[in-house]
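Thanks for coming, everyone. I'd like to walk you through one model today, so let me put it up on the screen.

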Amino acid sequence: MKQTLLFKASFILVLFFLVANFSIAQNAIPQQSNEKLGIFEHLDTILSSDILITESTGQTYRLESLINKPTIINLVYYRCPGICPALLSGLSNVVKETDMVLGKDYDILTISFDPGETPFLAKKKRENYLRINKNQDVATGWRFFSGDTANVQRLLDEIGFQVKKSDRGGYIHAAGIIMVSPNRKVTRYLNGVYYSPFDFKLALIEASEGRSGPTINKVLDYCFSYDPQGKRYTFDILKVSGSLVLIMAVLLLFFMIRAERKRKKQLNKSDN
Amino acid sequence: MTETTTTIEKSFWHEKKGLFSWIFTLDHKRIALLYLYAITTFFVVGMTLGFLMRLELIAPGQTIMEATTYNKVFTFHGVIMIFLVIIPSIPAVFGNFMLPIMLGTDDVALPRLNLFSWWLYIIGATMALLTLVYGPGSADTGWTFYAPYSVNTDTNVTLLLLAAFVLGFSSILTGLNFIVTIHRLRAPKMTWFKMPLFAWSLYATAWIQLLATPIVGITLLMVVAERTFGIGLFDPALGGDPILYQHLFWIYSHPVVYVMILPAMGIVSEILPTAAQRTIFGYKAIALSSMAIAFLGYFVWGHHMFTSGMSGEARVIFSFVTYLVAIPTAIKVFNWIATLYKGSIHMTPNLMWSTSFIFNFMIGGLTGLILGALSVDVHVHDTAYVVAHFHYTMFGGTIFVFFGAMHYWFPKMFGRMYNKRLSYISLTLTFIGFNVTYMAMLIVGGQGMPRRYYDYLPEFTVLNQISTVGSWVLVIGILLMIYNLVRSARKGEIATANPWNGVTLEWQIPSPPPLHNFVKAPILSDKGPYDFSILEQINKEN
């Protein structure tokens, strides 16, 4: 009887512990790290009309003069060795696959977020994609830009696209494309470097209607150089806990088998 | 075969009365029923959410809910169905109820731990439900909780993660309990290869629960730590890697699909010999293939991440190992069919549920091979095709067998028989509804409709409408089945001790069993668990 009471009391204790545990965890406000990095969605934001960017031809435009139909903005830097080429080829593939017509139904603006890059670099990229997408009207529909620090930073902030300069040169950043309606309203983010024609078309239709939708694929792909130093701690936790679980499992099996052998012996003895 | 046996010793139903005699019981049969009631309740909730999602998809554009609501609904549908229904379903209900009886003992090895697991389950479930009403709104991450979104979103992910963590412990402890029970409490002459196959499948399952669940526990805690303290484990700005989350998550979550399906396969291996009145074909092959699946299951997690960024070599290896899992699975299917071949088959509802399972699972398994093929997977990744495949294996597989097991062991558990005509009708409706719903989803997914959208392009309308209509038939079938079973538990005909003429140990004791299961020593054949030459003797003694 005493034991059952103890048993019930311990249940109530555990219950209390758990309740306390999650309420503490709930009250703690998630700390935002000082350095933000990634894509932070600003759906329904209207992009400023007076952001100035320079095309690969060398001519500078106000953003409002560039956007007059559903438009895809993608942010890369042209010297990127990592994810940007993958993003651009993913974009170029979906342009080929979709039945929406580039230059007629929608435009693409590729903008470098590295203020150090020049229209010359943009021009080289553009020539590349002119060659690859021969069947599409890349010449008028897909344009390549660069910009100065102030303008680029304004654009990044308004879109919620946060990048970080890496110690080893280059940038750490995420990959994704941003759909903008004809009146410069941000309507959808498509993350990653592969876009299904379905996602793409639906997002363009939404953009043309000025209707925004939440992101479906919330996994971000990042471009960053591998840093084993910073990861060691994580890996150590995993190694230690993994080994512990395995050792305990092996011990359990060992003792189970030993006990079984003993029991068998005893049974045999009593049979005899 | 008389009804008097039930009255000689009080059944476990009548041993004690009152709420406390249930929620603090140490009897494995009562704990199993506690699980059954809780799991059925959550199943109905999950089913309702699924039903609402299909209703939203009846036409393009917004029909009955907003996009963000839809995201929350599919998240909660997934969390409920995976963590609260499918993972515990068969082990916690039928494992708890039948395993000790099938091994010839009076309870599991650690009855208090067993009760504690149920309490953990209830606490975890309560925490999960609290996310709906408490804090900044229920989670919208999908049941996979992928970082970095699960770290950044301001919905109530932390509490839901802790709930999944607690539920994980419930699962680990149940697994541990079964391992100890199978090693220590088998009837004296029951050697490993004389154990019923359900026990074998539970043994394989238990090892997965024990070894894999701690990983997801740690992973979920890492996300909680990340959300609360901003450590940066999955944040590239602080030296972390979001892909690490996916690796850790799938190292658990792939093996755990075998936690979901292996016990179901074990039950089919029980039902088929009884229905065909002959021994199982390939006993050892079925027993060992369970172990093989459990082992191989640890090395295939990468096939969930073919498009997430992995080296080409790794992807090819994961794709290859994924194909290997098909071998032990096919061994089972062939052996089941060989068991039925030339058997003296008795039509029973439980047999029909089992054969429907084999049909559904063949589709689920073969579409799984298509998804395991690296080149094809890249195309159908994240489409409704994947969703349909998963439902074919988990719903058409595990849940169909769960229902089949209900129809097989119902007379044993409740001491009453259900209305067989109604059960055939409900099975037919469920089977047709299920296949219409998910076959349409499979096709529309192959055509390119992505998963997790509340909206779609006009060209997908017809198939989505077919799927939605199918879901209505499906829900009617399931509700009819639940009605039949609930009603029969009180008002059905009194069942005999061995209504299906089975020979495993549970058919040698009264229906429902007395508190300590065995009144006299059970009959064990030297030829293994499915030796039907002892059937006459069993029925005589009953």
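Some housekeeping before I go on. This is a predicted model, where local features need pLDDT of at least 70, side-chain atom pairs count only at pLDDT 80 or more, and totals for chains, interfaces and linings use all residues. Residues are numbered from 1 along each chain as its sequence is written, while chains are lettered from A and ligands numbered from 1 in the order in which they are written.

Back to our proline. P522(B) sits in the loop between β2 (493-494) and α17 (535-541) of chain B. Helices (H or I, at least four residues) and strands (E, at least two) are DSSP runs, numbered from the N terminus. Setting aside neighbours within four places in sequence, P522(B) contacts G104(B), A187(B), L505(B) and Q508(B); a contact is two C-beta atoms, placed from the backbone, within 7 Å.

P148(B) is in the loop between α5 (111-133) and α6 (149-152) of chain B.

K342(B) isn't a glycine, yet its phi is positive, about 60°. You'll find K342(B) in the loop between α11 (312-340) and α12 (349-372) of chain B, and with 9 other C-beta atoms within 10 Å it is exposed. R452(B) is another non-glycine with a positive phi, about 65°. R452(B) is in the loop between α15 and α16 (461-491) of chain B, and it is partly exposed, with 17 other C-beta atoms within 10 Å.

Now zoom out. Chain B has 17 helices and two strands, and buried residues make up 58% of its 542 residues. A compact globule with 542 residues would have a radius of gyration near 24 Å, and chain B agrees at 23 Å. (That's taken over C-alpha atoms, and the globule rule is 2.2 Å times the number of residues to the power 0.38.)

What's inside? The largest nonpolar core has 229 residues, and L161(B) and A199(B) touch the most other members. Helix α4 (residues 67-103) of chain B gives the largest share of this core, 23 residues. By core I mean buried Ala, Val, Leu, Ile, Met, Phe, Trp, Tyr and Cys residues joined through C-beta atoms within 7 Å. Not counting residues up to four places away in sequence, A199(B) touches L99(B), M102(B), L103(B) and I182(B).

Last stop, chain A. In strand β6 (residues 142-146) of chain A, five of five residues are buried. Strand β2 (residues 52-55) of chain A pairs with β6(A) in the antiparallel sense over two bridges, with E55(A) opposite F145(A). Pairing here takes at least two DSSP bridges between the strands. Strand β5 (residues 107-112) of chain A runs parallel to β6(A), joined by four bridges, and I108(A) stands opposite W142(A).

Technical notes: Buried ≥ 20, exposed ≤ 12 C-beta atoms within 10 Å, placed from the backbone.
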